Amino acid sequence: MHHGPLIAIIVAGLGLAFIFGAIAQKLRISPLVGYLLAGVAAGPFTPGFVGDQNLANELAEIGVILLMFGVGLHFSLKELLSVKAIAVPGAIVQIAVATGLGLGLALLLGWSWIAGIVFGLALSVASTVVLLRALQERRLVQTDKGKIAVGWLIVEDLAMVLALVAIPAVASAISGGQPGAASPLAAQFDLGLWGVLGITVAKVAAFIAFMLIVGRRIIPWALHWVAHTGSRELFRLAVLAVALGVAFLSAALFGVSFALGAFFAGMILSESPLSQRAAEETLPLRDAFAVLFFVSVGMLFDPGILVRAPGALIGTLAIILIGKSVAAWLIVRAFGRSNTVALTISASLAQIGEFSFILAGLGVSLGILPAQGRDLILAGAILSILFNPVMFALAERLKPADAAATRSKPERAATVEAPAAAPVATEAAAPPHGEPERDIQATTLSNHIVVVGYGRVGSLLGAGLLAQGAKLLVIEDNPEAVETAKRDGAELLIGNAADPDVLAAAAVGRATRLFVAIPGSFEAGQVCEQARAENPALPIVARAHSDAEVEHLSRCGATLTIMGEAEIARAMLSLCGGLGARPQPEAGGELAKAPEPQSGPGPSTRTAHETQPRTQPPPTADTPTAA
């Protein structure tokens, strides 16, 4: 059997991405840089293997679909409407500013005004994948500024959908053809340019109405039916079919982008209790295809543009990195938002991506954009994606100047919140029309217990500890889990426990015990490693789902690692008196019993095969109800 170009591009793309990504990680720079360089190595402008660009683009489109579907799963319609007051006018004004700057540069280069408009539009729209990956890495998607950025992105996508329909009509009118040629319906009834735009707006409105009226009922019902079949494989297949199917049909029937269709599919499903499970099922494929997106972008890059037109390239980058950022910052500040929010939005939008490539290709194929324009757009995309982490770092450096006026030390969206009755550190007051200024405030607790994660497992554990009167500090950044912790009365540190500053604010050096109740072993390992470095004698209890995870967490410093499946089996066996085990009065009763707080060192580190102790363990990260 001979391999085809599809297998070759997948193997080469993922293999090169791994190699270059690992090198980038070793050099302490973003792995995205490595993925882009992998694409350059597989592209036609460098010697050696040359991948099929068309196949790479289609594979990358799947990554965009799955990524937007995942974002939609965590983004409700109510949240989208809550930021419309700033996202809609902000995106429109920013597009207008960037398009004007692009038109000015195009005229200086001797291009036509229509070429300048296409060029400016291509520079005005941010990359879906880059923006969302940046927000996810910094755990900002569910924050106020993250919601504004995603809402802003959706408005930009809608504007580009209109542009993709209007540009062929305008080009046809300029060349003497019929403006309605881009739309068969408009051409049949001779509706002209405005008729084409009207039909496009009507299609987008019809798509949104269809998803809210029909999709809102059918999609959750279908997945609930599949879930009740008990087949995990069928459920995973159903989730992928919904994400890809809705994206494809929305583009085929309504003319909207794949990304927008997938986003609405995820947003509709987010109202279902199965949304979290759906997100988990799509995560592995989403990450793999997102990597292929960056590889496909790197394949487009022609390094020769750096020599052929350095001045034009510098001007293009200035528009993307400076012009767009300053415009976005001014717009956000004009709406009364804090400098922290404005800087985050500015850094998020300081790059271009998918729609830019589509606009560039369309402009060249219609003969209204010179080939140099396409090369500048591609080079600008590559370099702006490379510089995007730098923009976020610059935004972080500028935040202290903003916070100095309020005499607080800003950090990455974390704050300590005490229970209502406890007079300790509280969240800073929110400025008018703005997001609360979130500062890391170190807890004043000592001899306390720290729980990382307050989901199904952490909330059971925390409630048991609080019932025994333990001094409890919870680290969590999920909005729903945060509300649960507040209701239970725990002191709360909002942020990512893998962030060393957040963990330091939890005072693990003074803590008596740390429970890592989050399910992800990779992030849990980071927490264990940093906590062990901070407090070598701290007893750390973590959760795992496999022997490999047990070994990983033990290497990272976990004192005791509880594997949920094993504990469930122990609890079941304990109910069988005939086997010699003492039956428990309540299922999981002793498993959920919390230890008394202690200041001394915990039990010695156990091996992977010793994680089911003969004596009853401390409160585990997996009770029978949390498997």
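Trainee: Which residues make the nonpolar surface patch of about 520 Å²?
Mentor: Phe18, Ile19, Ile23, Leu27 and Ile29. Patches are made of residues with over 30% relative accessible area and no salt bridge; like charges are joined within 9 Å, and nonpolar side chains (Val, Leu, Ile, Met, Phe, Trp, Tyr) within 5 Å. The areas come from the Shrake-Rupley method with a 1.4 Å probe; for residues, only the protein chains shown count as cover.

Trainee: What kind of model is this?
Mentor: A predicted model: local features need pLDDT of at least 70, side-chain atom pairs count only at pLDDT 80 or more, and totals for chains, interfaces and linings use all residues. Residues are numbered from 1 along each chain as its sequence is written, and side-chain values use heavy atoms, with hydrogens and water left out.

Trainee: How many helices and strands are in the protein chain?
Mentor: It has 24 helices and seven strands. These are DSSP runs, numbered from the N terminus: helices are H or I with at least four residues, strands are E with at least two. Of the 627 residues in the chain, 53% are buried.

Trainee: New topic. How many aromatic pairs are there?
Mentor: Four. Take Trp111 and Phe119: their ring centres are 5.2 Å apart and their planes at 85 degrees, so the pair is edge-to-face. Rings of Phe, Tyr and Trp (its six-membered ring) pair if their centres lie within 6.5 Å; planes under 30 degrees apart count as stacked, over 60 as edge-to-face and the rest as tilted.

Trainee: Is Phe119 buried or exposed?
Mentor: Buried, with a relative accessible area of 0%. Trp111 is buried too, at 11%. Another edge-to-face pair is Phe207 with Phe264, 5.6 Å centre to centre and 80 degrees between the planes. Phe207 lies in helix H10 (residues 192-227) and Phe264 in helix H12 (residues 258-269), so this pair ties together parts that are 57 residues apart in sequence. Both Phe207 and Phe264 are buried.

Trainee: Which residues form one aromatic cluster?
Mentor: Phe207, Phe210, Phe254 and Phe264.

Trainee: What does Thr316 touch?
Mentor: Leu105, Phe119, Leu123, Leu376 and Gly380, not counting residues up to four places away in sequence. Contact means heavy atoms within 4.5 Å. Thr316 is found in helix H15 (residues 310-334) and is buried at 0% relative accessibility.

Trainee: Now charges. How many salt bridges does the structure hold?
Mentor: Five. A salt bridge is a side-chain nitrogen of Lys or Arg within 4 Å of a carboxyl oxygen of Asp or Glu. Asp302 forms one with Arg308, with the closest N and O atoms 3.2 Å apart. Arg308 also bridges to Asp375, at 3.6 Å. Arg308 sits in helix H14 (residues 305-308) and Asp375 in helix H18 (residues 371-404), so the pair ties together parts that are 67 residues apart in sequence.

Trainee: Which salt bridge does Glu551 form?
Mentor: One with Arg555, at 3.9 Å between the closest N and O atoms. Both lie in helix H23 (residues 547-555), four residues apart, about one turn of the helix. Glu551 is partly exposed at 43%, and Arg555 is exposed at 63%.

Trainee: Which residues do shared partners join into one network?
Mentor: Asp302, Arg308 and Asp375.

Conventions:
Buried means under 20% relative accessible area, exposed over 50%, partly exposed in between (1.4 Å probe, protein chains only).
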